[in-house]
Amino acid sequence: MEILQDSHLESAAYRKVTWHIVPLVILSFTVAYLARVNIGFAKLQMLGDLHLSDAVYGLGAGIFFFGYLLFEVPSNLLLHRIGARLSIARIMLLWGVISACMMFVSSAWMFYLFRFLLGAAEAGFFPGVILYLTYWFPSQRRASTTALFMASIPLSGLIGGPLSGWILRNMSGWHGLAGWKWMFVIEALPSILMGIVVFFVMKDRIEDAPWLSAEEKALLRHRLANDIGISKEVSSTAGA
C-alpha cells in the first residue's frame, strides 16, 4: 500500500499519538511519585506528633515496596485483561484515596497498614505504562517515548519538594490539623483528579483513537505488526 510508505503521514500520526499519550502518562506518574515519596517530608513533623521511632518510620517507608512487589504482576495481568484506561484509572484513584487516608494514622500499625496498601494500590502502574506504550509505538520509537515518560521523576521532585515544604510550614494547625496531615490530603487530590481524567481521556488501543484517521490507524498497525515480526525473527536467529 502506498499509504504505508508515506513518511509525512507517519510523522503526523506519531506526533498525534505523542501529544495525546505522553503528557497524560507524564502527569500521571508525576503525581504517583509525589504520593510515593512525600512520606519523607512528612517525617519532619509526623514522628514527633505520633511519638514514632526512626525504626518504625524506616519499616513503614520500606513496607510500601512489599505491597508493590506482591501486587505488581497481578495488576499488570488485570491491565492486559480490562485495558489500560480502566486499570490505570483504578490504580490512580485507589492510591489517591489511600494516600489521603494517611492523615488518619495514629499508631505504628496504622502507618504500616496504609504504606502497605499504598504500595499494593500503586503496583503495576510503571510497568503497566511501559506495556501500554508498546500498544502504540514500535521499538525504534519507544526508547525516546520512554525517556520522555521518565522525565516525570525529576519533575515530581521539582514540584513536590517546594510544595510539601510550603504545606508543612504554612498549613500546620489550620483548622486544627497538623501540616503533615494537610500535605497528605492536598497531594492526594491530583492523583484522584488524574484518575478521573485518565478514565475519560485515555484510549486503550489504536482502534479507539478518534483523533487518528483511518489511514493513520492502518499505518500504525502496520508498523507494530512489522516490529513484532522483526522481534520474532531476531529471537529465532538468536536461538539457532
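**Entry 1: Ile196**
I looked up Ile196 and found this residue in helix 8. The model I am working from is a predicted one. Is Ile196 buried or exposed, or something in between? I noted a relative accessible area of 40% for Ile196, so I call this residue partly exposed, since that label covers values between 20% and 50%.

**Entry 2: the nonpolar patch**
Helix 8 supplies the most, with 4 residues.

**Entry 3: the core**
Then I turned to the inside. I read that nonpolar side chains tend to be buried together in soluble globular proteins. Here I found that the largest nonpolar core holds 66 residues. Met46, Ile88, Trp95, Phe111, Phe125 and Trp136 have the most contacts inside this core. Helices that each supply at least two core residues include helix 1 (7–50), helix 2 (54–82) and helix 3 (84–101). The largest share, 16 residues, comes from helix 1.

I picked Ile88 and asked what this residue is in contact with, beyond its neighbours within four places in sequence. My list for Ile88 reads Leu79, Phe125, Val129, Val198 and Met202.

**Entry 4: Arg223**
Last, I visited Arg223 in helix 9. Its relative accessible area is 15%, so I count Arg223 as buried, the cut-off being under 20%. I also found a polar contact of 3.1 Å between the side chains of Arg223 and Glu10.

Note on methods: Residues are numbered from 1 along each chain as its sequence is written. This is a predicted model: local features need pLDDT of at least 70, side-chain atom pairs count only at pLDDT 80 or more; totals for chains, interfaces and linings use all residues. Side-chain values use heavy atoms; hydrogens and water are left out. A nonpolar core is a set of buried Ala, Val, Leu, Ile, Met, Phe, Trp, Tyr and Cys residues joined through side-chain atoms within 4.5 Å. Buried means under 20% relative accessible area, exposed over 50%, partly exposed in between (1.4 Å probe, protein chains only). Contact means heavy atoms within 4.5 Å. A polar contact is a pair of N or O atoms within 3.5 Å; within protein, one must be able to donate a hydrogen and the other to accept it, and residues adjacent in sequence count only if both atoms are side-chain atoms.
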